[in-house]
Amino acid sequence: MIDLHTHSNASDGSDSPRDLVLSAASAGVRVLAITDHDTTAGWAAAAETALSLEQPFTLVRGTEFSCVYVDNAGHRIGLHLLGYLFDPEAGALRTARAELRENRLGRGAAIVSNLVAAGHPITWAQVEAIAAGGAVGRPHIGQALLESGVVSSVDEAFADLLADSSPYYVKKQDMPVENAIKLITQARGVPVIAHPWARSRGVVLTEDAIRELVEMGLLGIEVDHLDHTVADRERLAELATELDVIQTGSSDYHGNRKSVRLGAQTTSEPMYRRLIGAASGIELIHSDRR
Ligand code: AMP
Ligand code: FE
Ligand code: FE
Ligand code: ZN
């Protein structure tokens, strides 16, 4: 199985990078991408673990970038862009990651202060402790709400208090997607749009907007994702074929913060080959037993 989109506790997953790799290997994943939000902090520990495995295993290092697309009418549409195998030392992209993480801190604190003002018994210190130095996101605030007994699951928090439509919600200052595509490409990585039609999360890109991104250098579309309907997957697959870009499938695993399991959706071998063929920023990490 090839699973190209997963999270560790370097961002809003619950498994350490080491546990993520070990769980993937025991779940039968042969190629795993670690793609934490706006950070490469989990790469080293994941790589060390992958190298030590006694079974064939390949680690693809990547990041999921928080981006925004502004349409002709000036509407800002948030989206996630996966960047694979880019050079982590490339300066401009590195600065962008740091800014995105910094913004996550201020924005997380703002959501918490809105919740506190409404009488919910959580604190920013509690959320920081849950995030434990990882890129802060709403799932950490959801965990604090759960631990304080305000909700009975993180899902429940997302359905209401943490929803985009909630009065407590604060937007992130995301990176313009055209910049992100350019910076990932300059760092010799591969930009792939994550779950473009995850409609339950809010307004999504139109087909024309996706075409525009491909013209800007987008190289792939995440087609098989649990947040996509069957009809949307079919249409995205057609679009990817028409635009001649890579199609991926992945779990978007977040440990115990989401119910999805590793390898729940997968990428085909030919598409994976195309993806790694398009990258030259850094190498794949193979276990000795490859
Ligand atoms: P943020 O990045 O802070 O805006 O939070 C969005 C993150 O929350 C994304 O990574 C999603 O994968 C995650 N997310 C969305 N819905 C849920 C949910 N119901 N339970 C847990 N995590 C979720
Ligand atoms: Fe996430
Ligand atoms: Fe995402
Ligand atoms: Zn993700």
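1. In helix H4, Gln126, Val127, Ile130 and Ala131 make contact with His140, Ile141, Gln143, Ala144 and Glu147 of helix H5. By class, the residues of this contact are 5 nonpolar, 3 polar and 1 charged. Please keep in mind that this is a predicted model.

2. On the geometry of that pair, H4 spans residues 124–131 and H5 spans residues 138–147, with axes that come within 9 Å and cross at roughly 115 degrees. The crossing is right-handed.

3. Turning to the metals, the zinc ion (ligand 4) is coordinated by His5 (NE2), His7 (NE2), Glu64 (OE) and Asp252 (OD), at 2.0 to 2.3 Å. Along the chain, these donors follow the spacing H-x1-H-x56-E-x187-D. The angles among the 4 donor atoms run from 80 to 171 degrees, and the site is irregular. His5, in the loop between strand S1 and helix H1, and Glu64, in strand S3, are 59 residues apart and link distant parts of the chain. Both of these residues are buried.

4. The iron ion (ligand 2) lies 4.5 Å from the zinc ion (ligand 4) and 5.5 Å from the iron ion (ligand 3).

5. Why does the pair His37 and His254 tie together parts that are 217 residues apart in sequence? His37 sits in strand S2, while His254 belongs to the loop between strand S8 and helix H10, so the pair joins those parts. His37 and His254 are buried.

Terms used: Residues are numbered from 1 along each chain as its sequence is written. Chains are lettered from A and ligands numbered from 1 in the order in which they are written. This is a predicted model: local features need pLDDT of at least 70, side-chain atom pairs count only at pLDDT 80 or more; totals for chains, interfaces and linings use all residues. Side-chain values use heavy atoms; hydrogens and water are left out. Donors are N, O and S atoms within 2.8 Å of the metal (3.2 Å for Na, K and Ca); water is not among the atoms, so sites may look incomplete. Helices (H or I, at least four residues) and strands (E, at least two) are DSSP runs, numbered from the N terminus. Buried means under 20% relative accessible area, exposed over 50%, partly exposed in between (1.4 Å probe, protein chains only). Axes are lines fitted to C-alpha atoms, for helices over the stretch in contact, and angles run from 0 to 180 degrees between N-to-C directions. A crossing is left-handed if the near helix is turned anticlockwise from the far one by less than a right angle, and right-handed if clockwise. Contact means heavy atoms within 4.5 Å. Ala, Val, Leu, Ile, Met, Phe, Trp, Tyr, Cys and Pro count as nonpolar, Asp, Glu, Lys and Arg as charged, and the others, Gly among them, as polar. Four donors count as tetrahedral if all angles lie between 85 and 135 degrees; four count as square planar and six as octahedral if opposite donors are over 155 degrees apart and all others between 65 and 115; anything else is irregular.
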